[in-house]
Every structure is written in C-alpha cells, then in structure tokens.
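Subject: Structure for your review

Dear colleague,

Please find below the structure that I am handing over to you. My notes on what was found in it follow.

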Amino acid sequence: MAETNCTQVTEFSLRGFTEDPLAQVTLFLLFLLIYLATILGNLGMMVLIRASPQLHSPMYYFLGNLAFVDLCSSTVIAPKMLVDFLSEEKAISYAGCVAQVFVFDIFGMTECFLLATMAYDRYVAICHPLLYPLAMSPKSCFQLVTGSYLVGLTNGVGQTISMATLSFCGSRVIDLFFCDISPLISLSTSDTTLSHLILATSASLFGVSSSLVILVSYVAIISTILRITSRQGKRKAFSTCTSHLTTVSIFYGTSIFMYLKPSSGSSREDKWAAVLYTVVTPMLNPLIYSLRNEGVKEALRRLI
C-alpha cells in the first residue's frame, strides 16, 4: 500500500561540505586547482605516450588507458561539485543521478582491472622475460584493455539496474557531493534486497578477483626479485614496479577506506574519504608516474 501511494522524487539534493559562504569559495578554488591539475596531468600523460616512440610498449599502453580512465572518472564528479559550491540549490535530477552512478561505476571498475592488468604485465616482464613478447603482444594488450572496459561496463549496467529497482518516496537529501549507489540504497523506501545482492556480487566477483590478480602477481614478483644475486639487478627490477605499487596503494587504500571501513558516524569524515577516492587520486596518478618512472622522465626531457 505504501508503494501504491508513493510519489517518486524527480530530483535529489546533494548536501555537499558546508553552508559557510567563505568556506565554499575556498573549497571551490582548491578543487578547481585539483581538477585542472587532473586534466593537464592525465591529458599530458596521454599525449606524451602517443608522441614518444620509446614509450610505445605494453606498460605505457596500459598507463595511457589508466590516464584516460582517471580523466573520465574525475570529470563525472568534479564539474558538478564545483558548480554546487557556487549554487544555493545543490540539486541533481533523477536522470542525472542515474547517469552519474552509471558512468562513475564503469570507470571505477575499469580502473581496478587496468591496475590488475598492469600488475600482470610486470609479473610477465620480471618472472618470464623470454615469454614477454608473446604474452604481451599488441593483440593481447588490446584484449586485456578491452576486457577491462567490458567488465567496467557490466558493473555500470548492474548498478544502474540496481538503482532502477528502487523507489524514493521519503527523503531526497544525499549526504554526499555526488550520487553513489550506497547512499541511494539507504534512501530508498522499497525493498533493497536485489540492490544489496547486485552490490555484493559486483564487489565479490570483480573487486576481489582484480585484487587477487595484483596480490598474486606481486608475491611472484617479490619472490623472483629476492632470488636475483646482484644488488643493481634487484634495484632495477624494483624500480619498474614502484610507480605501479604506489598507484595501487593509493587507489585501493582510499577505496577500502571509503567502502569497507566500519561506519564512523561522521559524515564529514566519510566525505573527505570520498574526496580522496574520487578527486585526489586521479590527480596523483600522472604525478606519480612523472616523478618516479625513469622512462616517462626521459621521454619528457626529449620532448621538451
């Protein structure tokens, strides 16, 4: 009966960070700088990889796709967030919310599998160098990247179906700065069993599998490196992995803190965790590879 008399909401209200005008302007300028750095860093990485013949290798092919995914995932969130800092009405339509959930979940899961693919690339390069040209042929690289996008698309479709089954007849206030499936499920006035099932299946099937690929790859990599007798050989092998390890640590660290940590009861703490995951991490990835990867630094010097 409650569902029969339900008046479905047509828009949601994003609570954001603060109501203080001065703080909103300060945050607007801060996140504008972060977003501009994200655009320049990731676009610059994509252009550098395409323009530098010495970077035309599988590792940098995956890195170029990672830069594209970071750019897209940040663009789904940041422009709307920046507009809301300067607006009194922080509203987003139901259709806009569905689109944000769909696109963000596509690129979020795609990044998980791209990082797993990059870990596998390092595993083959260090543990089976003679098989590397065959295992990482252009065809294989294309298939691995295409598979990552297809998994991301499957995740996005699943989360969108999950949201489509929900009814929203009560509160329309999302205590966050973007539409995410978890707070939307908590706002729903309908049966959320299917939504929770889709969310748990996606996390278990996709998230855990990509994490296991990374974990198993690095266990094998570390085991192989420890068997190298020369210190220079060990240092060279480790240097090819440090940028990727740093990126993986930041990505999974922030995502685990955002989605898997026990509820703190502090919405402010949860929002800043979401900022690290959705806005700051896409900016850091190109900086990490620019500062720590010798191939990228050498290509940049030659281009300049």
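The lining of the largest cavity is made up of Asp-70, Ser-73, Phe-104, Phe-107, Gly-108, Glu-111, Phe-251, Tyr-277, Thr-278, Thr-281 and Pro-282. Please keep in mind that this is a predicted model. The volume of the largest cavity is about 80 Å³. Three helices, H2, H3 and H10 (267-292), each contribute at least two residues to its lining. Sorted by class, the lining of the largest cavity comprises 5 nonpolar, 4 polar and 2 charged residues.

Altogether, 3 cavities of 30 Å³ or more are found in the structure.

Helix H2 makes the greatest contribution to the lining of the second largest cavity, with 3 residues. In terms of class, this lining has 5 nonpolar, 1 polar and 2 charged residues.

I turn next to a pocket. The second largest pocket contains about 330 Å³ of space. Which residues lie nearest the centre of the second largest pocket? They are Ile-49, Arg-50, His-56, Tyr-60 and Tyr-61, and the lining as a whole has 16 residues. At least two lining residues come from each of helix H1 (21-51), helix H2 (58-85) and helix H5 (138-164). Helix H2 gives the most to the lining of this pocket, namely 5 residues. The classes represented in the lining of the second largest pocket are 10 nonpolar, 5 polar and 1 charged.

The structure also has a sheet. How many strands form the open sheet, and in what order? There are 3 strands, in the order S2-S1-S3, and their pairing is mixed. Strand S2 (91-93) and strand S3 (173-174) are the edge strands, each pairing on one side only. Strand S1 (residues 11-14) runs antiparallel to S2, and 3 bridges join the two. Within this pairing, Phe-12 has Ile-92 in S2 as its bridge partner. Helix H3 (residues 94-127) packs on the sheet and touches S1, S2 and S3, with its direction at about 85° to that of S2. In general, the strands of a sheet pair through backbone hydrogen bonds, in either a parallel or an antiparallel manner.

Finally, there is a database record to set beside the model. An unreviewed UniProt entry lists residues 22-48, 60-79, 91-120, 197-226, 238-260 and 272-291 under "transmembrane region". Among these spans, residues 22-48 are 100% helix and 0% strand in the model, with their end C-alpha atoms 39 Å apart. Residues 197-226 are likewise 100% helix and 0% strand. The end C-alpha atoms of residues 197-226 lie 42 Å apart.

With kind regards

Definitions and conventions: Residues are numbered from 1 along each chain as its sequence is written. This is a predicted model: local features need pLDDT of at least 70, side-chain atom pairs count only at pLDDT 80 or more; totals for chains, interfaces and linings use all residues. Side-chain values use heavy atoms; hydrogens and water are left out. On a 1 Å grid over the protein atoms alone, a cavity is a set of points where a 1.4 Å probe fits but cannot get out, and a pocket is an open set with protein on both sides within 12 Å along at least five of seven lines; lining residues have an atom within 4 Å of a point. Grid points are joined across faces, edges and corners, and a volume is the space filled by probe spheres set on the points. Helices (H or I, at least four residues) and strands (E, at least two) are DSSP runs, numbered from the N terminus. Ala, Val, Leu, Ile, Met, Phe, Trp, Tyr, Cys and Pro count as nonpolar, Asp, Glu, Lys and Arg as charged, and the others, Gly among them, as polar. Two strands pair if DSSP finds at least two bridges between them. Contact means heavy atoms within 4.5 Å. Axes are lines fitted to C-alpha atoms, for helices over the stretch in contact, and angles run from 0 to 180 degrees between N-to-C directions. UniProt positions are given in the numbering used here, feature names are shortened, and annotations may be inferred rather than shown by experiment.
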